[in-house]
Amino acid sequence: LQWVFLNFVSLLVPVNWKLDTVQTNTFTEARLGQHLFHALCSSDSVEVPGWGVFLVRPYGADIQLISGLFLPPARRVSFSPNNAVLGESLLRQVASVEGCDPSEAARLVHNVVRGWRVRLDRGERIFLESIGAFSLRNTFQWVFQPALEANFLPESYGLPIYRLPVLVPAITRYRSTSCSQNIYRSGWRES
């Protein structure tokens, strides 16, 4: 089995990931997640039929002093639920890669989306690797939590999110030996 990189993506995909015959039981949530991930790498929005729209927006580098996090420039994902979207480009990609016709691709994606809805209704969390997670709040409101490590910006490939030590002001009190007054010195120390 040979491995290649697709675009700048850190996700390794086998060269023969195209299936000879499509079987319903081989097209899983993880498989749809892979298709979604690759579509998000090359597009600013991806529609999943019967589910909603994933949007990718650019963000500049950020240093959060309070938490000590350094975030490189990124394209991060958000989600907007919408049952009415058709997702034609995603269906074309699924049909092309999986080696099936568009109507079969629509059926495969519909089955996975239906499974997601059932799991959400049962109160389960749905995790899409390197994209994010869905859950249900108050039994009616969807919540999408994007994966912090997901970055769809090719220029930032390989740049990690890392934590800097948080610095807090330190005041040290010294007693002078030659006189009876106290001397204070300000400085910084790691918390």
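**Briefing: helices and salt bridges in a predicted model**

Helix 1 (residues 29-42) has 14 residues, which at 1.5 Å a residue should span 20 Å, and its end C-alpha atoms are 20 Å apart, in agreement. The expected span of a helix is taken as 1.5 Å times one less than its number of residues. The model is predicted, so local features need pLDDT of at least 70 and side-chain atom pairs count only at pLDDT 80 or more, while totals for chains, interfaces and linings use all residues. Residues are numbered from 1 along each chain as its sequence is written, and side-chain values use heavy atoms, with hydrogens and water left out.

**Overall architecture**

- The chain holds 3 helices and 13 strands, defined as DSSP runs numbered from the N terminus (helices: H or I, at least four residues; strands: E, at least two).
- Of the 191 residues in the chain, 33% are buried (buried: under 20% relative accessible area; exposed: over 50%; partly exposed: in between; 1.4 Å probe, protein chains only).
- Among contacts (heavy atoms within 4.5 Å) with a separation of 6 or more, 52% join residues 24 or more positions apart.
- The accessible surface of the chain is about 12000 Å², and carbon and sulfur atoms contribute 55% of it (Shrake-Rupley method, 1.4 Å probe; for residues, only the protein chains shown count as cover).

- Helix 1 is mostly covered, with 10 of its 14 residues buried; among them are Arg31, Leu32, Gly33, His35 and Leu36.
- Arg31 forms a salt bridge with Glu98, with 2.7 Å between the closest N and O atoms (salt bridge: a side-chain nitrogen of Lys or Arg within 4 Å of a carboxyl oxygen of Asp or Glu).
- Because Glu98 lies in helix 2 (residues 88-98) and Arg31 in helix 1, this pair ties together parts that are 67 residues apart in sequence.
- Both Glu98 and Arg31 are buried.

**Other salt bridges**

- The count of salt bridges comes to 6.
- Within helix 3 (residues 102-121), Arg107 and Glu104 lie 3 residues apart, about one turn of the helix, and their side chains meet in a salt bridge at 2.5 Å, N to O.
- An α-helix has 3.6 residues a turn, so residues three or four places apart point the same way.
- Arg107 counts as partly exposed, at 32% relative accessibility.
- A salt bridge of 3.1 Å, N to O, joins the side chains of Arg122 and Glu124.
- Arg122 is exposed, with a relative accessible area of 58%, whereas Glu124 is partly exposed at 31%.
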